[in-house]
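I opened a new notebook page for this structure.

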Amino acid sequence: MGKASRGTVKAEPYEFAFRPATTALVIVDMQRDFVEPGGFGEALGNDVSLLRKAIAPTRRVLDAARKAGLFIIHTREGHRPDLSDLQPSKKARGRLKTGIGDKGPMGRILVRGEYGHDIIDELKPQAGEPVLDKPGKGAFYATDFDAILTHRGIKQLVVCGVTTEVCVQTTVREANDRGYDCLVLEDCVGSYFPEFQEMALKMIKAQGGIFGWVGKSKDFIAAIAGKR
Ligand code: C5J
């Protein structure tokens, strides 16, 4: 774990330079359909408790970021009610009896405006925090994410959310290719598969931080509070 000096966050493979004015907190897809018992994720046979572990630390990070006036953006994976932005390949994948667009336990699955598509109450966005609706796994694909970040002068992303190896990692890879430095908070991201959680985080910080940095919520909160 890299040492931290003032203006940095302790992280791997080495300390992450933290510049509040150019840093955004990005909370990826903390939606009921993925995280809540009775949602789509659980209906697919997944154990949502593995994802729910990320809620409390993410809430602490969100509170600290709000207090410090950091730019905060939330994402949601989902589709238009007419499903015109749903690729036939994505609809067909998995050969599910009840899949995207169908009536699920919390309304139509991953459809905008439905109860299950929305962000969980614990991490509900506040006024002034953009919510980015994305049809894909990555937050840059078919969205104005890059424009929003560019207009704010954002250069670093601190990333929380689910799932680690799918939408979080895809977003981090897309961001890295666009020149953003990403710090993923390991206790604020979650996967239904413990081995994917471990390997996805390892991949991000491998080879000198090939996609970015991995750190812990307590160290980021300490940096926000100016304790580092
Ligand atoms: C998935 C996501 N796993 N938000 N979506 O389909 O990671």
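Leaving aside neighbours within four places in sequence, which residues is Glu 186 in contact with? I looked them up in the model, which is predicted. They are Gln 197, Leu 201, Val 214, Gly 215 and Lys 216.

I then checked where Glu 186 sits. Glu 186 belongs to strand β10. I find Glu 186 partly exposed, because its relative accessible area is 25%, and buried would require under 20%.

Next I took two of its partners in turn. The side chains of Glu 186 and Lys 216 are joined by a polar contact of 3.3 Å. Val 214 lies 28 residues from Glu 186 along the chain, yet 6.3 Å separates their C-alpha atoms.

I moved on to Leu 185. Setting aside neighbours within four places in sequence, I list its contacts as Val 61, Val 158, Val 159, Cys 160, Gly 215, Lys 216, Ser 217 and Phe 220.

Then I turned to the cores. The largest nonpolar core has 37 residues. Which of its members touch the most others? I noted Leu 25, Met 30, Val 35, Leu 183, Leu 185 and Phe 220. At least two residues of this core come from each of β4 (23–28), α1 (32–35), α4 (55–68), β9 (156–162), β10 (181–190) and α9 (217–224). The most come from α4, which gives five residues.

Methods
Residues numbered from 1 in each chain as written. Predicted model: local features only at pLDDT ≥ 70, side-chain atom pairs only at ≥ 80, totals over all residues. Heavy atoms only, no water. Core = buried A, V, L, I, M, F, W, Y, C linked by side-chain atoms within 4.5 Å. Buried < 20%, exposed > 50% of the residue type's maximum accessible area, 1.4 Å probe, protein only. Helix = DSSP H or I, 4+ residues; strand = E, 2+ residues; numbered from the N terminus. Contact = heavy atoms within 4.5 Å. Polar contact = N/O pair within 3.5 Å; in protein donor to acceptor, adjacent residues only side chain to side chain.
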